[in-house]
Amino acid sequence: MKFLGERQAILIVFAVIFIYVLIMGAVSVARHYNFQTQAWDMGIFAQTFWNTAHGRVMQNSIEEVPNHFGVHMSPILFILVPGFLIFPSVYYLLIVQTLALALGAWPLYLFAKKILERKDLALALAAGYLLYPPLHWVNLFDFHPVAFLVPALLAAFYFFYEKKWFWFWVFMVVAAASQEDAVLAAMFAGLFLAALRWDEKKERKMGLAAALIALVYFVLSMKIIMPYFGGGLLRLDRYAELGGSVGEIARNLLFNPALFFKTAFSAQKLSYLFWLFLPVAFLPFVYLPAILLLIPGLLENLLTSFGNQFSGFYQYDSMLIAGIFISSVYGLRTLLKRRPDKALLFKSIIICAIFAGFLLRSPVSPFSFPVEFFKSNERQQTLRQIVKSVPSGASVAAETNIVPHLSDREYVYMSGSEPFMVDVVILDGADFFGFKDPDSFRKYADSYANAGEYDVRVIKERYIVFTKKGLFLETEQ
C-alpha cells in the first residue's frame with residue numbers, strides 16, 4: 001500500500017463504494033419488498049412524496065400534524081421530488097439514500113488523504129466508513145432525510161480545506177437542510193473549523209459565518225417555520241425526565257450535574273458508546289478538540305429516555321457518523337505526529353477495529369446477514385395479493401408493515417389511529433402490533449364488523465379485510 005498510485009487508490013475507493021451500493025441497495029430493496037419496512041418512517045416519507053407530487057406539498061396522514069415540516073424541518077426533500085416524479089416509488093427513496101451514504105466515502109478519502117498525507121491510511125478510513133455498522137443501520141432502517149447529513153458534512157469539510165468556498169457552502173446548506181437538529185451539527189462544525197483555523201482570517205470568517213447562519217436558521221425553524229406548519233419540538237417528550245421545556249431541561253442539567261451523569265452514562269448508554277467508537281479504534285478521543293463535532297448528536301442520544309436513540313440500530317446515529325470519521329482523521333494525525341515510526345502498528349489496529357465492529361455489530365456481516373429478506377413466504381405472498389386488490393383512491397387503515405405499500409393515496413393510517421372510518425381496513429389476526437392487547441384489537445375489528453357498512457373477507461383464516469359496501473376490490477372489477 002505504501003507505493004499505491006493515485007489511480008489505483010481511486011479505483012479501490014469506487015470499487016468498494018460500488019460493492020456497498022450493490023449489497024446495501026439489494027438488502028434495502030428486499031426488506032421493503034418483503035414487508036419489513038414500517039409506517040414510521042417509510043410510510044411517512046413515501047406518502048409525503050406522493051402527496052407532494054399530487055399538489056399536497058409535504059403532507060401525510062400518519063404523523064401528529066398534517067405537514068411533515070411541522071414535525072421535522074427537512075427542505076432537502078424538495079431536491080428529491082423531481083426524481084420521484086420520474087420514478088414514483090418507495091424504491092427510488094431507498095436507492096437514492098443508499099447512493100448518498102455510499103458516496104460519502106469519496107470526500108472522506110480525499111479529506112483524510114489531505115490531512116494525513118498518506119493514501120493507505122485514507123483508504124483504510126474510507127473502507128472503515130463503508131464497513132461501519134451504524135452507517136448500515138441508518139441505511140437499512142427505512143428512509144430518512146437526516147441520513148443526507150452524513151455525506152454532506154464530509155464533503156463540506158473536504159471543500160473547506162481545499163478553499164473551494166462555493167462548494168463548501170453548497171454542502172453546508174445541504175447538511176443543514178436535512179433536518180432541524182442537523183442544523184446544530186452544521187453549527188458546531190462551523191465553530192470547530194473556525195477554532196481550528198483561527199490564525200487564517202478567511203477560514204476563521206467562513207467557519208464563524210457558517211455557525212452563525214446555522215444558529216439563526218435553527219431559531220427560525222423552531223420558533224417560526226415549524227409552528228407555522230402546526231408543529232415544533234414534538235419529540236421533547238423523550239426528555240421529559242429532565243424537564244418540560246428546553247429552558248427547564250437546561251437549568252436542571254446546569255444546577256444538578258449528577259442528573260446529567262446519571263442520565264447520560266447508564267450501563268446501556270455506555271454500551272452504546274463502546275459500539276459507536278470501537279469500529280474507529282476510539283480515535284476521536286485522541287484529539288479531544290474534535291469532540292466538539294459530536295456534542296449535538298451525543299447530547300441528543302445520551303440525554304433521552306427513548307431507547308431507540310441509543311440502541312445503535314436506527315437512523316439516530318446520522319447526527320454522529322460524519323463527525324466520528326472527521327475526528328478519527330484528526331486523532332490519527334495526532335498519533336502519527338507523536339510516533340511516526342508506529343504508522344504500521346496504527347494501521348493494523350485500525351483495520352482490526354474496523355473488522356471487529358463490522359463482524360460483531362453490522363446487520364450485513366457474515367454472522368447476521370438478513371437472508372430472510374430474500375426469501376418469500378406465504379404471509380408475504382398473501383399480503384402482496386391483498387395490497388394489489390385495494391382501489392387506488394380508497395382510504396386505508398392497515399398494520400405498520402403494510403402501510404408503506406399503500407402510501408400512494410391521500411389517506412392511509414396505521415390500524416387504530418384513523419380519525420374516521422376508512423374505506424378499506426386490512427388486519428392480520430396474528431399480529432396485534434399497535435394495539436394495547438388482543439382485546440383492544442378485537443374491539444377495533446368489531447367496530448367495523450358491527451357498523452353495517454362493510455363487506456368482510458377472511459383470507460386463509462388469518463387476514464381480515466373490511467371493504468366499504470359499493471367499493472369493489474380491484475380483483476372483483
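Start by selecting R204 and W198: the charged end of R204 sits over the ring of W198, 5.1 Å from the ring centre. Here "over" means that CZ of Arg, or NZ of Lys, is within 6 Å of the ring centre and within 35 degrees of the ring normal. Next, show R384 and Y33, where the charged end of R384 sits over the Tyr ring, 4.0 Å from its centre.

A word on what you are viewing: this is a predicted model, in which local features need pLDDT of at least 70, side-chain atom pairs count only at pLDDT 80 or more, and totals for chains, interfaces and linings use all residues. Residues are numbered from 1 along each chain as its sequence is written, and side-chain values use heavy atoms, with hydrogens and water left out.

**Ring meets ring**

Stay with the aromatics and select F87 and Y92. Their rings form an edge-to-face pair, 6.4 Å centre to centre with 80° between the planes. Rings of Phe, Tyr and Trp (its six-membered ring) pair if their centres lie within 6.5 Å; planes under 30 degrees apart count as stacked, over 60 as edge-to-face and the rest as tilted. F87 counts as partly exposed because its relative accessibility is 40%, while Y92, at 11%, counts as buried. The cut-offs are under 20% relative accessible area for buried, over 50% for exposed, and partly exposed in between (1.4 Å probe, protein chains only).

Now move to F274 and W275, whose ring centres are 5.2 Å apart and whose planes meet at 80°, so this pair is edge-to-face. F274 is partly exposed, at 37% relative accessibility. The whole structure holds 47 aromatic pairs. For a group, select F111, F157, F160, Y161, W165, F168, W169, F192, Y287 and Y330 together: they form one aromatic cluster.

**Into the largest pocket**

Which residues lie nearest the centre of the largest pocket? Select D181, L233, R235, Y239 and E300, from a lining of 50 residues. A pocket is an open set of points on a 1 Å grid over the protein atoms alone, where a 1.4 Å probe fits and protein lies on both sides within 12 Å along at least five of seven lines; lining residues have an atom within 4 Å of a point. Colour α11 (201-228) and α2 (39-53), two of the elements that give two or more residues to the lining. The most comes from α11, with five residues. Helices like these are DSSP runs (H or I, at least four residues), numbered from the N terminus, and strands are runs of E with at least two.

**Along α2 and beyond**

In helix α2, pick Q47. Q47 is buried, with a relative accessible area of 0%, and touches residues including Q59, S407, E410 and V412. Contact means heavy atoms within 4.5 Å. Then find D41, also in α2, and look at the bond joining W40 and D41: a cis peptide with omega of about 20°.

Follow the chain to M58, in the loop between α2 and α3 (77-86). M58 has a positive phi of about 60° although it is not a glycine, and is buried at 1%. K460, in the loop between β4 (454-459) and β5 (463-468), has a positive phi too, near 55°. Most residues other than glycine have a negative phi, and most peptide bonds are trans.

**Last stop: N139**

Select N139 in helix α7 (residues 133-140). Is N139 buried or exposed? N139 is buried, at 0%. Its contacts include Y20, M24 and Q97, and its C-alpha atom is 8.7 Å from that of G25, 114 residues away along the chain.

Notes:
Lists of a residue's contacts leave out its neighbours within four places in sequence.
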